[in-house]
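Here's a quick walk through a single-chain model, written for someone who likes to know the cut-offs. Have a look at the structure first, then read on.

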Amino acid sequence: MNPASDSEAIVIAVSKGRIFKDAMPLLARVGVRPTDDPEVSRKLILDTTDPGVKLVVVRASDVPTYVEYGAADVGIAGKDVLLEYDGDGYYEPLDLGIARCRLMVAGPAADCMPPNRLRVATKYAGITRRWFAEKGVQVEVIKLYGSMELAPLVGLADRIVDLVDTGNTLKANGLRPLEHICDVSSRLIVNKAALKTKHLRITALVRQLAASVGASSPWGGA
Ligand code: AMP
């Protein structure tokens, strides 16, 4: 990154797992490498090789909250999480094109007649309600926090709404994709106030990341 004109470090919120794995090579290209591995270390605030940048490691669904409230200046979050969060307290300047997958409705491969009122298990309760409401289909949404694929197998739900990448997890559990809700990839989000107070540093970071993923620069400049 360019030398800082504002003295405070930029704090980037990121979650462990697939997004972290895919985001680290992108950050490394702009000179930001964590000095600890979050899969090994118990630290939740990580220093990086850039003294002007720190990472905070949070749950994926908490990334927009940290950024909206300014506890982090910048965040990396899946579009699925942002749609479910449904907030407008941050900017979303850049599609990083990583952790790509699809958000889908899925159900048993050998489906019998759908019952009157579908029960849909998901961790995306808001997206699911909106999706079926727009289609005029009455559903009962059952909120789960993981292993959605199990729900139809044990009679908890008729359908699930979940992320699908290769489709192998669905197949291994006798399920098939039924409806494509949206494509998902990870986005860079930016706290609105931080864009003003740390303007030069944040726009430089966004510009460099945009260049490294081959996107046009969202806020002008080279
Ligand atoms: P797959 O078997 O390749 O279709 O992957 C499906 C499983 O991986 C499901 O449990 C999903 O919740 C999870 N998954 C797929 N893509 C992603 C992603 N981009 N980020 C987080 N979880 C994902």
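## Lysine 171 and the α6 helix

With a relative accessibility of 68%, lysine 171 counts as exposed; the labels work like this: buried is under 20% relative accessible area, exposed is over 50%, and partly exposed is in between (1.4 Å probe, protein chains only). Lysine 171 sits in helix α6, where helices (H or I, at least four residues) and strands (E, at least two) are DSSP runs numbered from the N terminus.

## Ground rules and overall layout

Keep in mind that this is a predicted model, so local features need pLDDT of at least 70 and side-chain atom pairs count only at pLDDT 80 or more, while totals for chains, interfaces and linings use all residues. Numbering runs from 1 along each chain as its sequence is written, and side-chain values use heavy atoms, with hydrogens and water left out.

The protein has eight helices and 11 strands. Its C-alpha trace spans about 65 × 35 × 30 Å along the principal axes. Of the 222 residues, 47% are buried.

## The largest pocket

The largest pocket comes in at about 770 Å³. For the record, a pocket is found on a 1 Å grid over the protein atoms alone, as an open set of points where a 1.4 Å probe fits, with protein on both sides within 12 Å along at least five of seven lines; lining residues have an atom within 4 Å of a point. The volume is the space filled by probe spheres set on the points, which are joined across faces, edges and corners.

There are 31 lining residues, and those closest to the centre of this pocket are Asp80, Val81, Lys123, Tyr124 and Leu163. Helix α3 (79-85) is among the elements that supply at least two lining residues each, together with α1 (18-29), β9 (159-164) and α6 (168-172). The biggest share comes from α3, with four residues. By class, the lining splits into 12 nonpolar, 10 polar and nine charged residues; here Ala, Val, Leu, Ile, Met, Phe, Trp, Tyr, Cys and Pro count as nonpolar, Asp, Glu, Lys and Arg as charged, and the others, Gly among them, as polar.

## Salt bridges

Side chains of opposite charge can pair when their charged atoms come close. The model holds 11 salt bridges, each being a side-chain nitrogen of Lys or Arg within 4 Å of a carboxyl oxygen of Asp or Glu.

Which residues does the aspartate 73 and lysine 198 bridge tie together, and where do they lie? The two side chains meet at 2.9 Å, N to O. Aspartate 73 is in the loop between α2 (63-68) and β4 (74-78), and lysine 198 is in the loop between α7 (192-197) and α8 (199-212), so the bridge ties together parts that are 125 residues apart in sequence. Aspartate 73 is buried at 7% relative accessible area, and lysine 198 is buried at 7% too.

Arginine 18 bridges to aspartate 165, with the closest N and O atoms 3.2 Å apart. That pair links distant parts of the chain, 147 residues apart: arginine 18 is in helix α1 and aspartate 165 is in the loop between β9 and α6. Arginine 18 is partly exposed at 39%, and aspartate 165 is partly exposed at 42%. There is also a network of salt bridges that links Lys79, Glu92, Asp95 and Arg187.

## Two positive phi values

Most residues other than glycine have a negative phi. Aspartate 86 has a positive phi near 55 degrees; it lies in the loop between α3 and β5 (90-95) and is exposed at 56% relative accessibility. Serine 147 also has a positive phi, about 45 degrees, without being a glycine. Serine 147 belongs to the loop between β8 and α5 and is exposed at 55%.

## The β8-α5 loop and what follows

Tyrosine 145 is in the loop between β8 (139-143) and α5, and is exposed at 64% relative accessibility. Its C-alpha is 33 Å from that of alanine 215, which is 70 residues away in sequence. Leucine 150 is in helix α5 (residues 150-153) and is partly exposed at 46%.
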